[in-house]
Amino acid sequence: MISAVRRCSLLALCLLALGACQEPPAPYAWVSPPEGAAPTALTPEHWSTHLEEDLLPYWRMEAAWGSPVGNFPTYRGMDGSAQGSTWRKPRMLGRQTFTYAIGYLITGDETLLDLSRAGSDWLLAHGQDLERGGWHSDLLETGEKANDDPKFSQDMSYAVMGPAAYFFLTRDPAAEAAVLATRDLLFDPTKLWDAEAGRIRDGMDATLSAEAFMGSANSSELVAQLDPVTAFLLLTQPVLTDPLRREQVLEDLKTLAQTMQTSFWEDGLFWGTTAGLGTYGGRHSDFGHILKAYWALLQIDKRLEDHPFREFLEEHLAVALRRAYDEPRGRWAQQPTSATGVRYGNDWWSYAESDQLAATLALKAPEWIEGVAETAGNFVTDFVDRTRPARELVPSIRRDGSWVAVWGDTDTAKCNQWKSGFHGAEHALVMYLVSHWRADRPAPLYFAFPAGQVQELGESARPYTLQGRVTQVEDLGPLVGDPTRHKVRVSFDQLR
């Protein structure tokens, strides 16, 4: 056995041989991709084509735009036609606005930016409760509030998701103001912030004077903490205009991560409610929410200098992801049913969240590449509706990838009170970025910055919620729809 002194001497000699004493690599340092050709499902062109041909046709249809443009219908048929109730849910207006923003971010198509702007403007004018604060639960087709239902933090986070995405592209001050107002409401101890429990309340009544619960009384919901993170706080935090606000929201993200870890995590899983810890099959205790929570903590931990969640993530994240992986079928399972059992088949959003975590983890642990290439490839094969020109994604599949139902043209399974373009667009973006890393090519993204700030804002731009290095900022000239802003293409490498 080599003595401790001998080991130190050997280490010193090794360092001298290297010519310098070097610090160990940072835990989230960039990892170069493996050599050789990438699988088809992990090439950038695969995902830009998927976005253009499989997802966007449904959202480019005039029936998707509303009247006036930006007043997007909440309910539409499998063929894209307007169907069902004419009421609008701000949370779904926000998701569709986000969809157009991501479409522009990848393609640079200004018509998509115009639609995102229209959606953001309509939400700011009609979705906000300017008298009492927060966001309305429902709107009439004309834009007036439809009722005085409770204001849930999850709903409000998805409503502001639209302006948040538009702000991310443009740094629009009105959209940023809505982001900050929503953040301030969620963390206001006289409203939605429960300082004693260290959590965001599920919601409040319409007047913001009495607590409202999404499920059972006195049981807190995971999504009240998680969805503000993934809907708008992670996206906007590093690009907020005021540095003090950036620091504030980073601290918010740390707080919410701690809340999720201490109040909702047990036995390797994040559970949907505090009353349902350890209850399999309980509310929101599925792999979609479990892995989405791990993904949120991973992205937050990358931004914190001391990486407080690193050991927790290294111990538990991959274990939970492997548990969800249906390796024989190359797909993701839906939810745990016992300490060892799982339910197979999946919904589009949960499958997308699982793919996104695996793809993000592959940036640091390339052994995940082969698996995510198969699961992501099956996502496109299984969920895309190729029976109709409008395409888009069906909601649910069985374990073998077959659809769980045969939906008629007028069925609203593609676009309704909970399904819009958000999850499909975000999935395409994350896979697009990770595929550029795998191809060892800079990833180009499009922004729309004020004419006098192109270089400054381009250099501080971010590759969505990932981290990376700006390699090039290209000013492509004034926008047709808004000459005060320029189309800007920013390329990123060293994604991590």
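Buried means under 20% relative accessible area, exposed means over 50%, and partly exposed is anything in between, using a 1.4 Å probe and protein chains only. What you have here is a predicted model, where local features need pLDDT of at least 70, side-chain atom pairs count only at pLDDT 80 or more, and totals for chains, interfaces and linings use all residues. Residues are numbered from 1 along each chain as its sequence is written, and side-chain values use heavy atoms, with hydrogens and water left out.

**Aromatic rings**

- A pair of aromatic rings is described by the distance of the centres and the angle of the planes.
- Rings of Phe, Tyr and Trp (its six-membered ring) pair if their centres lie within 6.5 Å; planes under 30 degrees apart are stacked, over 60 edge-to-face, and the rest tilted.
- That rule gives 19 aromatic pairs.
- One of them is F98 with Y464, an edge-to-face pair with 6.5 Å centre to centre and 65° between the planes.
- This pair links distant parts of the chain, 366 residues apart: F98 sits in helix α3 (residues 90-107), and Y464 in the loop between α14 (454-459) and β15.
- F98 is buried as well, with a relative accessible area of 1%.
- W403 and W407 have ring centres 5.8 Å apart and planes at 50°, so that pair is tilted.
- W403 counts as partly exposed at 23% relative accessibility, while W407 counts as buried at 11%.
- F98 and Y464 turn up again in one aromatic cluster, together with Y158 and F422.

**The nonpolar core**

- A nonpolar core is a set of buried Ala, Val, Leu, Ile, Met, Phe, Trp, Tyr and Cys residues joined through side-chain atoms within 4.5 Å.
- The largest one has 146 residues, and those with the most contacts inside it are M260, L291, Y294, L313, W368, L433 and F447.
- Helix α5 (residues 153-170) gives the most to this core, with eleven residues.
- Contact means heavy atoms within 4.5 Å. Setting aside its neighbours within four places in sequence, L433 touches A443, L445, P463, Y464, L466 and L495 in this sense.

**Helix α10**

- Helices (H or I, at least four residues) and strands (E, at least two) are DSSP runs, numbered from the N terminus.
- α10 (residues 310-324) has 15 residues and reaches 21 Å from its first C-alpha to its last. That is close to the 21 Å expected at 1.5 Å a residue, the expected span being 1.5 Å times one less than the number of residues.
- A kink of about 30° is centred on H316; the bend at a residue is the angle between axes fitted to the seven residues ending there and the seven starting there.
- H316 is also among the buried residues of α10, which include F312, L313 and L317.

**Strands and sheets**

- Two strands pair if DSSP finds at least two bridges between them.
- Eight of the nine residues of β16 (residues 485-493) are buried, so this strand is largely enclosed by the rest of the structure.
- β14 (residues 443-450) runs antiparallel to β16, joined by eight bridges, and Y446 has R489 as its bridge partner in β16.
- β15 (residues 469-478) is antiparallel to β16 too, through seven bridges, with P478 opposite H486.
- β15 and β16 form a hairpin with six residues between them.
- Elsewhere, three strands make an open antiparallel sheet in the order β1-β4-β5.
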